[in-house]
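Reader: Could you walk me through this structure? I am new to reading models like this.

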Amino acid sequence: APLQVDEVPAPAHQMALSEQESRLKALNAEARAIDPRLSVRSSFMQVQDHWHIVRSDGTDCFFQMARARLTQEITAKDGGATASVSAGVIGVNAGLLDDAAALDRLRRRTARAAQLALGLLKAPAIASGSYRLVIPPQ
């Protein structure tokens, strides 16, 4: 017999909310330590999507999909200039916060994004409006 929606196992990773919060705070502190002109918002999100598809021929199917995202939103400010960027990684559950390779990837992406934001602080301003842009083929 086919599995019912509630019987389909979801990828699980047990981690207390307090532990998730502690790890996010540590990642946030690392990112803010890159430069004092940075403010950082660190977030972790996980959801379990449930899909039930009913077809006109009378057949139907259902499935579940777990998703997780760990994101650093970075804003650089200096004088009157402000620039915002983000960096993130994706996974399927709270195991993302335990995954050394994913965390290393996030740290590298965060450092690159932070340097981009700091560089954008020095970028010249252009007048608002409509511009034609031509990108030559390589």
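Reader: Ok, what do the buried residues of H1 pack against?

Author: The buried residues of H1 pack against strand E1 (38-54), strand E2 (60-78) and helix H2 (100-120), where contact means heavy atoms within 4.5 Å, and where helices (H or I, at least four residues) and strands (E, at least two) are DSSP runs numbered from the N terminus. This is a predicted model, in which local features need pLDDT of at least 70 and side-chain atom pairs count only at pLDDT 80 or more, while totals for chains, interfaces and linings use all residues. Residues are numbered from 1 along each chain as its sequence is written, and side-chain values use heavy atoms, with hydrogens and water left out.

Reader: Which residues of H1 are buried?

Author: Gln20, Leu24, Leu27, Asn28 and Ala31 are buried in H1; buried means under 20% relative accessible area, exposed over 50%, and partly exposed in between, with a 1.4 Å probe and protein chains only. Seen down the axis of H1, its buried residues fall within an arc of 100°, so they line one face of the helix; the arc is that of the directions from the helix axis to the C-beta atoms. On the other side of H1, Ser18 and Lys25 are exposed.

Reader: Why would residues three or four places apart point the same way?

Author: An α-helix has 3.6 residues a turn, so residues with that spacing point the same way.

Reader: Switching to the sheet, what is the order of its strands?

Author: The sheet is open, with three strands in the order E1-E2-E3 and antiparallel pairing, and two strands pair if DSSP finds at least two bridges between them. Its edge strands are E1 and E3 (81-91), each pairing on one side only.

Reader: And how many bridges join E2 and E3?

Author: E2 and E3 pair in the antiparallel sense over eleven bridges, and arginine 69 stands opposite isoleucine 90 in E3. H1 packs on the sheet, touching E1 and E2, and its direction makes about 135° with that of E1; axes are lines fitted to C-alpha atoms, for helices over the stretch in contact, and angles run from 0 to 180 degrees between N-to-C directions.

Reader: Where does H2 lie?

Author: H2 lies across E1, E2 and E3, running at about 165° to E3. Arginine 108 is found in helix H2, and this arginine 108 counts as partly exposed because its relative accessibility is 41%.
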